[in-house]
Amino acid sequence: YVTAIVTGDATKGTPYPLFWLRYSLFAVLYPTGISGELSVFISSSKCDTFLSLLGEGKQSVMYWYAMAFPIIYAPGALPMILNMAGNRKKAFKKRFARPAPPPRGLVWPVTEVKANGEEVRSSTPTAKEILAAAIEAVNPELADKVRKEKKWRFGYVKHLVNMVEAQCKSPEDALKVANAGINKAYMMFQFISKDGKTTTSFAEAMSRKNDTKFSTGFVKGELAPPKDKKCEVQYKGKT
């Protein structure tokens, strides 16, 4: 745990012996721990001293109190062990996964740099700032509320609704909001050159001269559309 805090990475930053122990010892500790606790509960249910803790005539209460835990452990032990086995598989897969290719072209802006130098490109602060800039074009008070939103994952919808309502007041306001939002996005998003040596804002990258020419093409199919129209996407070996 301390190593994970120091390195800033609980998977790849942790020395392998510690990493292996973290995700492997459960195979020994879980069965022995559960067996030990079950033996204590069962032994307690046969101990006269334990059963008499509440006084005469209440031995059955203490008996079922002790036996309740084995009853709970019986169906719960296996899921706990399987859960840890699943966590171990995910952790090892993440540790030995091939590193992602270096970012090139249009990328999300860097929002944080970890202790190990890894750059984090989070969508939340970027989305908040773009939305705030868009609404600020017609209503600064609503923009301030966007920036102060702490529970963004659960609270962003109301801000989007506020933006749409502000746009609906007039065609001029709709254009102001749209232009302010897209201009902010152009300024915040980054563009990394092919060699990875130059990083600029997307707006600056688009303003530069470029030898690459863009064109519009059309692909026209000749086969009749299938009767059973489906959109199938492959993901993790499944359709």
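Predicted model: local features only at pLDDT ≥ 70, side-chain atom pairs only at ≥ 80, totals over all residues.

A quick word on labels: helices, written H, are DSSP runs of at least four residues, numbered from the N terminus.

Is it buried or exposed? Buried means under 20% relative accessible area, and Met163 comes in at 16%, so it counts as buried. Setting aside residues up to four places away in sequence, Met163 touches Leu131, Ala134, Ile135 and Val177. Ser43 is another story: 120 residues separate it from Met163 in sequence, and the two C-alpha atoms are 66 Å apart in space.

Now for the helices themselves. In general, two packed helices are described by the angle between their axes and the distance between the axes. Two pairs are worth a look here, and this table puts them next to each other.

| Helix pair | Residues | Axes come within | Crossing angle |
|---|---|---|---|
| H8 and H9 | 152–167 and 171–188 | 7 Å | roughly 135° |
| H3 and H5 | 26–44 and 59–95 | 10 Å | roughly 175° |

Start with H8 and H9, whose axes cross at roughly 135°. That makes H8 oblique to H9. On the H8 side, the residues that meet the partner helix are Met163, Ala166 and Gln167, while H9 brings Asp173, Ala174, Val177 and Ala178. Sorted by type, the residues of this contact are five nonpolar, one polar and one charged.

Which way do they run relative to each other? Angles over 145 degrees count as roughly antiparallel, so that is what H3 and H5 are to each other. Among the residues that H3 puts into this contact are Phe26, Tyr30, Ile34 and Phe41, and those of H5 include Phe69, Tyr73, Met80 and Arg88. The contact of H3 with H5 divides into 15 nonpolar residues, one polar and two charged.

On to the strands. Three of them form an open sheet in the order E1-E4-E5, with antiparallel pairing. E1 (105–107) and E5 are the edge strands, each pairing on one side only. On average, neighbouring strands in this sheet are turned by 35° against each other, direction ignored. How many bridges link E4 and E5? Three, in the antiparallel sense. Take Gln190: its bridge partner in E5 is Ser201.

The loop between E4 (190–192) and E5 (199–201) holds Ser193. With 19% relative accessibility, Ser193 counts as buried. Its side chain makes a polar contact with the side chain of Asp195, at 2.5 Å. Leaving out neighbours within four places in sequence, Ser193 is in contact with Arg104 and Thr198.

One last stop is Lys236, in the segment after helix H10 (202–207). Most residues other than glycine have a negative phi. Lys236, though, has a phi near 55°, a positive value in a residue that isn't glycine. Is Lys236 buried or exposed? It is exposed, because its relative accessible area is 70%.

Key: Residues numbered from 1 in each chain as written. Heavy atoms only, no water. Helix = DSSP H or I, 4+ residues; strand = E, 2+ residues; numbered from the N terminus. Buried < 20%, exposed > 50% of the residue type's maximum accessible area, 1.4 Å probe, protein only. Polar contact = N/O pair within 3.5 Å; in protein donor to acceptor, adjacent residues only side chain to side chain. Contact = heavy atoms within 4.5 Å. Pairing = 2+ DSSP bridges. Axes fitted to C-alpha atoms, helices over the stretch in contact; angles between N-to-C directions. Parallel < 35°, antiparallel > 145°, perpendicular 65-115°, else oblique. Nonpolar A, V, L, I, M, F, W, Y, C, P; charged D, E, K, R; others polar.
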